Amino acid sequence: MASSKQVALLLGLLHLLLAGRPAIAAFDYGEALTKSLLYFEAQRSGKLPPNQRVTWRGDSALHDGNDAGVDLTGGYYDAGDNVKFGLPMAYSVTMLSWAVVDFASRLAAKNELEHALDAVKWGTDYLLKANVAPDVLYVQVGDGNADHECWQRPEDMTTPRTSYRVDASNPGSDVAAETAAALAAASIAFSRVQPDYAATLLTHAKQLLDFARNHRGTFSNQFYHSSGDEDEISWAAAWLYRATGDNAYLTIMWSGNNGGVRTAFSWDDKFVGVQALISKVIYIYQLFIVQGAIQNSGAWATYKYNLDMFICNVAQKGSNNIRKTPGGLLNFLPWSDNQYVTSAMFILASHADQVLGASGATLQCPQGTVTSQDLINVVYSQVDYILGANPKKISYMVGFGSYYPVKVHHRGASIVSIKQSPTPIDCKGGFSWLNSDAPNPNLIDGAIASPDESDAFADSRNDYQHNEPSTVVVAPIVGVLARLA
């Protein structure tokens, strides 16, 4: 016969199961969180700091900006190549900052808040340098086509480090506004710990949004083609409203496009993020009731409705549900699908805690009511898939678990470290490493690959569609893992 203590334990476990949260975590989310932040150290460009933990990397691209007479050292390489692209970099910084804004206490509880702020600051320090004047922003360093002709460690680069800028004559309102969003979000993240730095970030954010609004036109780069600038302008205005409380930024949003019901949230489409930020204000602060200067409550309610329907579709309770792979991963688009999964999971985790949980509300979906815990359960299911609960039993996060991709498409990881072999590797010399069947000699912890729509995955360096990690995949999962850890 069971003892009273055993009965109490069983009842406690039953309560947790009924609440929808695993009684015992399926994975060590804290370890995954640590690795996700280590990944950003592996992506660093420039002079590495004394506390660099990814020791197989070395200093690189120390003369960036020399062609333009400016200092453009630092920042992040975007993926497995050696180019610094401003649009995905700024989006990654925005998402890292959002993780700190919404989940600072959870990051601190896992002793990762300082590392998260370091990851943000490595990006914002560069973005500040890139904004050399109110209407000038450097948005790319390196030539993508030339870079793809070579396979070299970043420490050995011999490809052109051309600097590209946007200005009043050559506008790039998409990347300028995204940079404004990144700096505004980061200003909130640093407001308590480094207020002077936060104020500098905010000043640049304001002038960059002004620049974007006054000089419309997207920047056409080689690999990250923006579909428009309306989402970035609203995104920047939403973050500046959150940072300042100035109703002028709400007016910018109200006069713009609310995006409708979106099918994804990504580096190119920020409308879901805008809707999420506004929905929090509507739920928690009843924006269109208390803000007398803002008219047309129906317009603001539409932001909330559009987000609700996106979340319903992600949670499989909507009228146009996001399809899934047979193994259960949300399948948004064929190319690096996990970039859309991690960003959607950030939206769900933030909305579950910051909105539904905080207000005691539920989500009324076409196919039923959804609670905050229901959203967290969806987050668990998707993160668990990424970490190994999938048909292939592989962790798509490099370095996590015992079975993970060992041949991701990444120049620095795939070539022996300069610390081990300092002899320079020329442009073509590295292709023997690219085409080798051997595992990468350097472990790029926290990098995330993706399966295809059938849950299939070939761990091949030449499969850059599924096996090239990037900052836009990993940045959103930092906050998600902080929430689950």
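Helices here are DSSP runs of H or I with at least four residues, numbered from the N terminus. The model is a predicted one.

**First stop: D308**

Select residues 297-314, which form helix α12, and locate D308 within them. Is D308 buried or exposed? Its relative accessibility is 5%, and because buried means under 20%, D308 counts as buried. Now display its surroundings: beyond the neighbours within four places in sequence, D308 is in contact with Y283, H351 and L363.

**Second stop: helices α13 and α14**

Select α13 (residues 338-359) together with α14 (residues 372-387); their axes are 9 Å apart and the packing angle is about 155°. Angles over 145 degrees count as roughly antiparallel, so α13 is roughly antiparallel to α14. The crossing of the two helices is left-handed. On the α13 side, the residues making the contact include M345, L348, H351 and L356, and on the α14 side they include L375, I376, V379 and I386. By class, this contact comprises 11 nonpolar, six polar and one charged residues.

Select residues 86-109 (α3) and residues 471-484 (α18). At what angle do α3 and α18 pack? The angle is about 5°, and the axes lie 8 Å apart. Angles under 35 degrees count as roughly parallel, which means that α3 is roughly parallel to α18. Among the residues that meet here are Y91, M95, F103 and R106 in α3, and V472, A475, V478 and R483 in α18. The contact divides into 12 nonpolar, three polar and two charged residues.

Select residues 195-214, the 20 residues of α7; from first C-alpha to last, the helix reaches 29 Å, close to the 28 Å expected at 1.5 Å a residue. Colour its buried residues, including Y197, L201, H204, L208 and F211. The buried residues of α7 pack against α4, β2, β3, α6, α8 and α9.

From α7, proceed to β2 (136-141), one of the elements against which its buried residues pack. V139 lies in strand β2. With a relative accessibility of 3%, V139 counts as buried. Leaving aside neighbours within four places in sequence, its contacts include K84, F85, Y164, V166 and F219. Finally, select E31 as well: it lies 108 residues from V139 along the chain, and the two C-alpha atoms are separated by 34 Å.

Conventions. Residues numbered from 1 in each chain as written. Predicted model: local features only at pLDDT ≥ 70, side-chain atom pairs only at ≥ 80, totals over all residues. Heavy atoms only, no water. Buried < 20%, exposed > 50% of the residue type's maximum accessible area, 1.4 Å probe, protein only. Contact = heavy atoms within 4.5 Å. Axes fitted to C-alpha atoms, helices over the stretch in contact; angles between N-to-C directions. Parallel < 35°, antiparallel > 145°, perpendicular 65-115°, else oblique. Nonpolar A, V, L, I, M, F, W, Y, C, P; charged D, E, K, R; others polar. Left-handed = near helix turned anticlockwise from the far one by under 90°. Expected span 1.5 Å × (residues − 1).
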